[in-house]
Amino acid sequence: MSWDVQFRHGVWLPQVGWWLDAQHAVGWSFVSHAHSDHIARHREVLCSAGTARLMRTRLPAARVEHVLPFGQTEQLTADLTVTLHPAGHILGSAQCLLVHAQHGSLLYTGDFKLQPGLAAEPCATPPADALIMETTFGLPRYVFPPAVSVRADIVEFCRQTLADGATPVLFGYSLGKSQELLQGLAAAQLPVMMHPQACRLTQVYEELGMQFPSYRAFNAAELAGHVVICPPQSARSVFLQNIPRRRTAAVTGWALDPGAVYRYQCDAVFPLSDHAGFPDLLAFVDRVRPRLVYTLHGFAREFARTLRARGLEAWALGVDNQLDLGLVN
């Protein structure tokens, strides 16, 4: 008997009564990480310790938290166990491995990144019979350059901007990307100011045991000579108006798209992502060795088609699946 997997603004597993990253408030859900599109005011949640702490900061609410350490297997019912494994996306991000006596094993990745980052636990690849995987960058054109070279380019951008008497402003989400950027600037020993949101979440990271190079909260009066890390901003935002001489850079996987610098209205873009690129999506499947794959988010339909061409049964969740029909001459 196989798993029944449904997408209803979150993944629903009716055979065991579980939600995975439900996007609306439900009685009970696994929460893979604390980004806003993966959390809601659920009555009970299962998550990692890092996600629980970050959720208390980002979404304060009365809820029951079932916190499970990575690698520890819990018996939920006589037929069902659960184990959380690191996903490598942001600090605390977790994959959920369910093993059922009748249905077999099912791995749900949530958002994940196979290549090791600087501000998250390394991604694991446990084997599973069925796999539900995030496929944000599920097209062959999304091949990210080595992170070390991208970080070097970001440092050079910052150094050159400061040398020209301007302020480098790096755009990255407050949770995850900002901390990755801060760690990436460590060796350069550049003074860093952070947007208040990013600063608050970086302090939570520190409470969870992560160490960072020196940084301080944004202060327009003492801005000279600093790199600024902040969430994406409109050029007309009050925050950016406090930085009159600035050069801005968006740090995102979508930097690989043609015209990205115009789309983000920045002076530069750098392709550093907290998601897996196309080659790593394929490598992840190879390591997990599932018999059945469900793809989710981004280019889910296209990546499912790629997997079918490689001989795997694969279906995209939440979209129509169009099977490729061979033509007979």
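**Entry 1: the second largest pocket**

I looked up which element gives the most to the lining of the second largest pocket, and found that helix α7 does, with three residues. I note here that the model is predicted. The space in this second largest pocket comes to about 280 Å³. I found 18 residues lining the second largest pocket, and those nearest its centre are Gln115, Phe144, Pro145, Ala147 and Asp280. I then sorted the lining of the second largest pocket by class, which gave 12 nonpolar, four polar and two charged residues.

**Entry 2: helix α7 and helix α8**

Since α7 had come up, I looked at how it packs. I read that two packed helices are described by the angle between their axes and the distance between the axes. Helix α7 covers residues 278-288 and helix α8 covers residues 300-309. Their axes cross at roughly 50° and come within 12 Å. I therefore put α7 down as oblique to α8. I also noted the hand of the crossing, which is right-handed where α7 passes α8.

Which residues of α7 and α8 meet? On the α7 side I listed Phe278, Leu281, Leu282 and Val285. On the α8 side I listed Phe303, Thr306 and Leu307. By class, this contact of α7 with α8 holds six nonpolar residues and one polar residue, with no charged ones.

**Entry 3: the largest pocket**

The largest pocket has 31 lining residues, and the closest to its centre are His35, Tyr173, Trp254, Asp274 and His275. How do the residues of this lining divide by class? I wrote down 10 nonpolar, 14 polar and seven charged for the largest pocket.

**Entry 4: the cavities**

How many cavities of 30 Å³ or more does the structure hold? The structure holds four of them. The largest cavity contains about 90 Å³ of space. I found 14 residues lining the largest cavity, with His89, Lys113, Gly176, Glu180 and Asp274 the closest to its centre. By class, I recorded five nonpolar, five polar and four charged residues in the lining of the largest cavity.

**Entry 5: a cross-check**

How values were computed:
Residues numbered from 1 in each chain as written. Predicted model: local features only at pLDDT ≥ 70, side-chain atom pairs only at ≥ 80, totals over all residues. Heavy atoms only, no water. Axes fitted to C-alpha atoms, helices over the stretch in contact; angles between N-to-C directions. Helix = DSSP H or I, 4+ residues; strand = E, 2+ residues; numbered from the N terminus. Parallel < 35°, antiparallel > 145°, perpendicular 65-115°, else oblique. Left-handed = near helix turned anticlockwise from the far one by under 90°. Contact = heavy atoms within 4.5 Å. Nonpolar A, V, L, I, M, F, W, Y, C, P; charged D, E, K, R; others polar. 1 Å grid on protein atoms, 1.4 Å probe; cavity = no way out; pocket = protein on both sides within 12 Å on 5 of 7 lines; lining within 4 Å. Points joined across faces, edges and corners; volume = space filled by probe spheres on them.
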